[in-house]
Amino acid sequence: MQKDNKKVAVVILNWNGAGLMEQFLPSVIAYSPSEVAEVVVADNGSTDNSIAMLQEKFPSVRIIRLDNNYGFAEGYNQALRQIDNEYTILLNSDVEVTPGWLDAPLAAMEADPTIAAAQPKIRAQRNKEYFEYAGAAGGYMDIYGYPYCRGRVLHIVEKDERQYDTPADILWATGACLFVRTAVYKEVGGLDAGFFAHQEEIDMCWRLRSRGYRLVCTPQSVIYHVGGATLNVESPRKSFLNFRNNLLMLYKNLPAKDLSHVMRVRFWLDYIAAAKFLLCGHWRNAQAVYKARKEFFEMKPLYLSKRRENLEKTTLTTIPELMRSSLIVAFYLKGKKRYSAL
């Protein structure tokens, strides 16, 4: 266990990302004051020259070597077993940070011990005037499991015109840059290793929120995220993980009064999504939806104990940041394409 009096560990999970780290680590090191934060790379069994490159070009970075590619979720769980700083930042390797990026999220968390997690405002690194799809200015979700953000509703990403510059309570903070209390992360069991990758941070944040913790976005802090750097946006593998993990997350976290209704509606919504993939010529993505549902039902019995634990530990029965209606209906039938219209 690392013994270090620095308040923050900035932990970057890497798998064969030497090029990305070479591009983006300089900003992280430059704008993370060494008296406050240590920069850590947890290497997920890379087979490229990541370790050698780090040792040569970034000798100040602490390296945690993992013996396999554990995926995003378990990779971070393994890494955080070796972290005992008060705060951990889960940071993607394709993130460019800006001066003072640590200040606002940490100040919010220091001021209120009930805030378990936070995120900065996230813009697109390749189109810096726009929000970034995966995090924007903080995450929410509808009752049927469709995530959205201040600044991004389904596939519509807004230009950042400072319209979401007020701090806000959120349901989930993006895993691209997630500030979390290290002890709380461990207390709630961290990220769900069964997810491997995709939506595991939403699942953990929902767990935190239902247990009475707050999560916030502090837009005074700004970072730029490439996004989609590790898995193509049209990837059938990504579709499979997103659909399967979303169903697992709903099963784990929904109260009994909502579960059967939501799962019935999701049956239709999922097959409508599969039909849309087929009509667009993405037959492997359509197949991924079917496979995701099949695997969800195979995994469901293994998740009964996790569901029971979550329900037993729930203290907040009504979550204000969880939309009770359908995002799909609001978007496609009512024409609400921006967060401010919802």
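Me: Which cut-offs define buried and exposed?
Reply: Buried means under 20% relative accessible area, exposed over 50%, and partly exposed in between, with a 1.4 Å probe and protein chains only. The model is predicted, so local features need pLDDT of at least 70 and side-chain atom pairs count only at pLDDT 80 or more, while totals for chains, interfaces and linings use all residues. Residues are numbered from 1 along each chain as its sequence is written, and side-chain values use heavy atoms, leaving out hydrogens and water.

Me: Why is Cys217 called buried?
Reply: Its relative accessibility is 0%, and the limit for buried is under 20%; therefore Cys217 counts as buried.

Me: How many disulfides does a search of the whole structure find?
Reply: The search finds 0 disulfides. Cys205 is in none, the nearest cysteine sulfur, that of Cys149, being 12 Å away. Cys205 also counts as buried, because its relative accessibility is 0%.

Me: Why does Ile272 count as exposed?
Reply: Ile272 has 53% relative accessibility and therefore counts as exposed, the threshold being over 50%.

Me: Why is Gln125 called buried?
Reply: Its relative accessible area is 17%, so Gln125 is buried. Leaving aside neighbours within four places in sequence, Gln125 is in contact (heavy atoms within 4.5 Å) with residues including Phe24, Glu96 and Tyr224.

Definitions and conventions
A disulfide is a pair of cysteine sulfur atoms within 2.5 Å.
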